[in-house]
Amino acid sequence: MAPKKTPGSETQLNALLADKRLPSLIHAAICFLGVFSMISTGLFFFEISLHTIIFLALIWVTIQALWLGHTFIAIRDMMNQGISKALPAIYIFMLIGMIIASYMQSGTIASLLYFGIDLLNPMIFLPVGLVLCSFMSIATGTSWGTVGTVGVVLMGIGETMGIPLPIVAGMIISGATFGDKLSPISDTTNLAAMSADTHLYRHIHSMLYTTTPTFIIVLCLFILLGRQYTDNVLPSVHIEEIRLALANTYHLNPFITLLPLILMFGLSIKRYAPEVSMSMSILLAMLIAVFYQEKNGIAVLNTLWLNTDGTTGIENIDALLGRGGIYSMAWTLMLSIMALALGGILHHAGFLRVLLINIIVHVKRISTLIATTIAAGFASNIAMGEAYISIILNCQLFKDSYVEKGVDRAVLSRSVEEGATLTTALIPWTTTGTFYAATLGIATLEYAPYAFLNLLNPLVSIAMALLGFGLLQNKREKTN
């Protein structure tokens, strides 16, 4: 029996193919195959710089767009549009670099290390760190802010405990992603709800169906992993050595040094824009560095561009305290801009839309629709390097199909987040993947196997859809 085609999707496909400048399915597939081949062979076999690979991919995709009849000026405009949609993320890139540097100078990070290093032992470090990152991310609405602040501290503590850093990074990213995904002040959470035409809290309610069981599984996995490092407890002499070195270098009154973090936390809860809360936090941290830590004002200002190593005398602690600054984000920022330009061409020239819509017309089961939505989000991230664009595009492409099948749009927004928001951290050339790698000092492909929440949540969602759980039916629509 031939599969029943979705009328709305078929209409979309015909409308798209009526435009002579849109690629055929074969052309779109060849274009993507070329991009994937360049990235996979260049990165894994020849170890070519990722920036160079993306540059070559840009040339390849530009040639494909020229073949369709687009002028170079039009193609450049496509690139500009791809970059412009992610400008908020680029601003946050720079602010996070300054936050890390200012927190190092103000003694905020040093205080967290000083008071936290003897509160966690290796056996409970991973699960407690997971919960801590989750709460921080829910409260602030930003996984990037959580990774750039609490995450940096946890990496330092994990290193002193002898826990493999890719595991620590995976734990941090899992917790930060969980909180960001469920926070009502998260930009991606609001964007997904808005793009799918569903209420914000309906969207969050829908995500709880799949995210809650996944989080429990992930928590159990980190508890089991932590048991392997029970014997890694630092000698008390080593702990005291670190604490003494920090105390000799900084004034560590937590009521003062933690104020920048508290301010950012409070402004985020009050729903100020991330750029505002981060900027205010940076300014307060600089004032504390100058007037409380008694540092030179000019030197503190310069660290916002490029921080300098700490002076505790302990090598790994000094390296940690020397992180941050706008310059430290340059590798990540340049790669992100190039990847966004590539995504802009793939999106606006129609290569991605043609591939996705040719898949949608053959989808007839709700569980298959959900699995396809999640897979499309992952593919969009690979192609365009940015979750924001993936969320908007896939909500637009799949919205009619969910309505026709009588499925609540909150299931669409949930599935788009699970395909786009969650998987972006697992791809080395996305803005999120490059940011996490640069901030935590661990390559994306090294921490990815331990980012359990990001890996498992999409799979749990698909499994639940196959079993018929968590499918919120829209009673106003007739179910096929």
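The side chains of Arg202 and Asp408 form a salt bridge at 2.9 Å, N to O (a side-chain nitrogen of Lys or Arg within 4 Å of a carboxyl oxygen of Asp or Glu). This pair joins distant parts of the chain, 206 residues apart: Arg202 lies in helix H11 (residues 200-227) and Asp408 in the loop between helix H21 (387-404) and H22. The model is predicted, so local features need pLDDT of at least 70 and side-chain atom pairs count only at pLDDT 80 or more, while totals for chains, interfaces and linings use all residues. Residues are numbered from 1 along each chain as its sequence is written, and side-chain values use heavy atoms, leaving out hydrogens and water.

**Salt bridges**
- The structure holds 2 salt bridges.
- Lys181 and Glu418 also meet through their side chains, at 3.9 Å, N to O.
- Lys181 in helix H9 (residues 165-182) and Glu418 in helix H22 (residues 409-419) are 237 residues apart; helices are DSSP runs (H or I, at least four residues), numbered from the N terminus.

- Arg202 is partly exposed at 30% relative accessible area, whereas Asp408 is buried at 11% (buried means under 20%, exposed over 50%, partly exposed in between, with a 1.4 Å probe and protein chains only).
- Lys181 is buried at 0%, and Glu418 is buried at 0%.

**Confidence**
- The chain averages a pLDDT of 82, and 89% of the residues score at least 70; pLDDT is the predictor's confidence in each residue, from 0 to 100.

Conventions: Helix = DSSP H or I, 4+ residues; strand = E, 2+ residues; numbered from the N terminus.
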